[in-house]
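Visitor: Hi! Could you walk me through this structure?
Guide: Happy to, let's have a look together.
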Amino acid sequence: MRALAAELDIRPTKTLGQNFVHDANTVRKIVTDSGVGREDTVVEVGPGLGSLTLPLLDAAGRVVAVEIDPVLAQRLPRTVTERAPRLASALTVVCADALAVTGADLGSPPPTALVANLPYNVSVPVLLHLLAEVPTLRTALVMVQLEVADRLAAAPGSRVYGVPSVKAGFFGTVRRTGTVGRHGLWPAPNVESGLVRVDLSDDPPWDTGTGHRKRVFAVVDAAFAQRRKTLRAALSGWAGSGAAAEEALVAADVDPRARGEQLTTADFVRIAAAAARLGIGPGSREP
């Protein structure tokens, strides 16, 4: 890996803002925890030099690698051809920003799994964007900074429970599957990493359409913008007044005196749905 990086003049954290997975045990754990099989099409974000791409190709039916760096995007197919020629035809490389890529960009058959070592600085936005943009995903297994992993998988009432926890929970069941030591990455970061898995339901318990999702996320953002305030106070700006916020909360069977950190994702979904019925909040009035 280091020889290839030197050949391409790639310095991961400086050039790409990312640390590459290089430890074989870590790579095996990521692939195993992802649970992907030959029936899966995997979207991988930030494949870099391909240390995770090759094992994913061996496990899955197809891999779509989204790489923002044009040098790496151009080199990856050659690396796969050199090291595993029988797998080369199963790889598609999309040179694009993962925050802007669309489901259509990823081709057909559409991805059923997301597996990625996400850059620390955009890990949550990329995860949420792809969960929203690719409705065919059934699972996601991502490696993120350990602190972020804890936040994503946190339960209501936890000190680190917040916006990432609720929004990830909107898409499915979120859990930590392990910790990756800093020496499993190159260059070794100053912090440890965590593996987070999201399992999405074939029959979601609520509407996951774009309009409803945006309404729910607006409520979440407002509730945690002032997390020490009661929901009546925290949602007053979003609802237009404290009285309107209380009306939506009562209609959703949520105590207006509660705080956002006490609510489940399902609670926030009910608040958004109640507000839509009542015409409360920006963009909430149903036709």
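Visitor: Is strand β9 (residues 193-200) mostly covered or mostly uncovered?
Guide: Mostly covered: seven of the eight residues in β9 are buried. Buried means under 20% relative accessible area, with exposed over 50% and partly exposed in between (1.4 Å probe, protein chains only). Strands (E, at least two residues) and helices (H or I, at least four) are DSSP runs, numbered from the N terminus.
Visitor: Before we go on, what kind of model is this?
Guide: This is a predicted model, where local features need pLDDT of at least 70 and side-chain atom pairs count only at pLDDT 80 or more, while totals for chains, interfaces and linings use all residues. Residues are numbered from 1 along each chain as its sequence is written, and side-chain values use heavy atoms, leaving out hydrogens and water.
Visitor: New topic! Why is strand β2 called largely enclosed?
Guide: Strand β2 (residues 41-45) is largely enclosed by the rest of the structure because five of its five residues are buried. On one side sit T41, V43 and V45, on the other V42 and E44, and all are buried. In a regular strand, side chains alternate between the two faces of the sheet.
Visitor: What does V43 pair with in β3?
Guide: The bridge partner of V43 in β3 is V64. β2 and strand β3 (residues 62-67) run parallel over five bridges. V43 also has a bridge partner in β5, namely L114.
Visitor: Last one: what span should helix α13 have?
Guide: Helix α13 (residues 265-278) should span 20 Å, because it has 14 residues at 1.5 Å a residue, and its end C-alpha atoms are 20 Å apart, which agrees. The expected span is 1.5 Å times one less than the number of residues.
Visitor: What do its buried residues pack against?
Guide: The buried residues of α13 pack against α8 (163-171), α9 (210-225), α11 (236-239) and α12 (242-251). Contact here means heavy atoms within 4.5 Å. Among those buried residues are F268, V269 and I271.

Notes. Two strands pair if DSSP finds at least two bridges between them.
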